[in-house]
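Dear colleague,

I am passing on the structure below, together with some notes on what turned up in it. Please read them with the structure open beside you.

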Amino acid sequence: MTDSADSSSYTSDSSNDRDGSNGSNGSDGSDPAAPGRGRTVFLLAHTGRPAAIRSAELVVQGLLKNGLGVRVVEYEARDLPLPPEVELVSECTPEVLEGCELLIVLGGDGTLLRGAEFARGSGVPMLGVNLGRVGFLAEAEREDLDQVVERVVTRAYEVEERMTLDVLVRTNGDVLHRDWALNEAAVQKVSPERMLEVVLEIDGRPVSGFGCDGIVCATPTGSTAYAFSAGGPVVWPEVEALLMVPISAHALFAKPLVTSPDSVLAVEVQHGVPHGVLWCDGRRMLELPAGARVEVRRGAVPVRLARLHHASFTDRLVAKFALPVSGWRGAPH
């Protein structure tokens with residue numbers, strides 16, 4: 001699967017969407033010809049932020065007004081002023097997205113990564129509205145809520161696929177753990193006073209060994225996250241590649257590496273040194289015993305993101321990081 005270079009317009013193949021009706025004659029007082037009739041959207045919000053609560057209220061009102069159904073997880077619904085028409089589910093699992101055409105996420109990149117944990121297994125695309133600081137994964141800002149609702153109602157969005165990582169942890173040759181990541185899998189030290197001793201491997205061959213604070217294995221999507229903070233390169237989303245970025249390495253050769261998307265990256269924690277930890281997207285943690293081996297490869301299942309704009313990644317990079325571009329004259333005509 002490809003990432004943003006392989007975007008395609010979203011269309012529904014359901015008969016309900018084709019004929020604009022779900023069999024009702026409108027006796028419930030709703031308009032059977034409403035553009036959202038028979039469609040459902042899942043809403044996920046960072047309810048710890050007042051801005052998210054108000055934004056969720058506005059989005060729900062707009063979707064219901066246009067005939068779309070809205071589904072929300074129960075523990076978030078307790079913090080939101082939701083009308084009784086909203087459908088509640090008990091937990092966030094891929095199964096609760098069954099029948100939904102879109103997952104709208106209100107929050108920062110952390111909230112989007114939370115949504116990706118169950119959207120990935122369902123294939124439902126996510127549309128992020130940034131309520132955080134940078135919000136690289138988000139497609140819209142809080143002031144764009146009206147436009148977000150309108151574009152969802154009219155299906156005026158495209159869907160792109162982002163590469164993920166499959167992560168395998170071995171000890172003594174046995175599989176200890178399997179995981180995945182959208183941004184990165186990071187092997188890190190635990191003890192602040194002791195470095196983590198590792199040997200790096202790419203495609204079955206050793207590259208270098210050294211002491212460090214950790215190693216970040218990232219996707220192009222994750223190149224602007226933890227890997228960026230560790231000094232890694234910014235990789236455009238349409239570039240298919242894997243990144244390996246050392247963190248505070250004590251070595252002459254400890255540069256960020258960019259490999260083929262088909263490469264297999266491995267980080268071996270050396271015996272006789274303090275153990276490390278594995279973090280996947282900064283959300284899921286596993287303690288790594290000495291001698292553990294972490295293998296990272298291209299994920300078999302991508303994450304799908306809904307896009308409202310055709311702006312280039314360059315423009316997104318400039319806007320998100322507030323980069324100085326004054327004085328730019330452009331290419332001569």
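**Helix 4 and its surroundings**

Helix 4, residues 109-122, has 14 residues and reaches 20 Å from its first C-alpha to its last, close to the 20 Å expected at 1.5 Å a residue (the expected span being 1.5 Å times one less than the number of residues; helices, H or I of at least four residues, and strands, E of at least two, are DSSP runs numbered from the N terminus). Please bear in mind that this is a predicted model, in which local features need pLDDT of at least 70 and side-chain atom pairs count only at pLDDT 80 or more, whereas totals for chains, interfaces and linings use all residues. Residues are numbered from 1 along each chain as its sequence is written, and side-chain values use heavy atoms, with hydrogens and water left out.

Helix 4 bends by about 35° at Ala-116, the bend being the angle between axes fitted to the seven residues ending there and the seven starting there. Among its buried residues are Leu-112, Leu-113, Ala-116 and Phe-118 (buried means under 20% relative accessible area, exposed over 50%, and partly exposed in between, with a 1.4 Å probe and protein chains only). After helix 4 comes Gly-123, with a positive phi near 80°.

**The protein and its cores**

The protein has seven helices and 21 strands, and 48% of its 333 residues are buried. In the largest nonpolar core, which has 30 residues, Leu-43, Val-59, Leu-63, Leu-102, Ile-104, Leu-106 and Val-152 touch the most other members; such a core is a set of buried Ala, Val, Leu, Ile, Met, Phe, Trp, Tyr and Cys residues joined through side-chain atoms within 4.5 Å. Elements that each supply at least two residues of this core include strand 2 (40-45), helix 2 (50-65) and helix 5 (145-153). Apart from it lies another core, of 29 residues, including Ala-181 and Leu-286.

**Aromatic pairs**

The whole structure holds five aromatic pairs (rings of Phe, Tyr and Trp, the last by its six-membered ring, pair if their centres lie within 6.5 Å, and planes under 30 degrees apart count as stacked, over 60 as edge-to-face and the rest as tilted). Phe-136 and Phe-321 form a tilted pair, 5.3 Å centre to centre with 55° between the planes. Because Phe-136 lies in the loop between strand 6 and strand 7 and Phe-321 in helix 7, this pair ties together parts that are 185 residues apart in sequence. The rings of Phe-228 and Phe-321 are stacked, with centres 4.9 Å apart and planes at 15°.

Best regards
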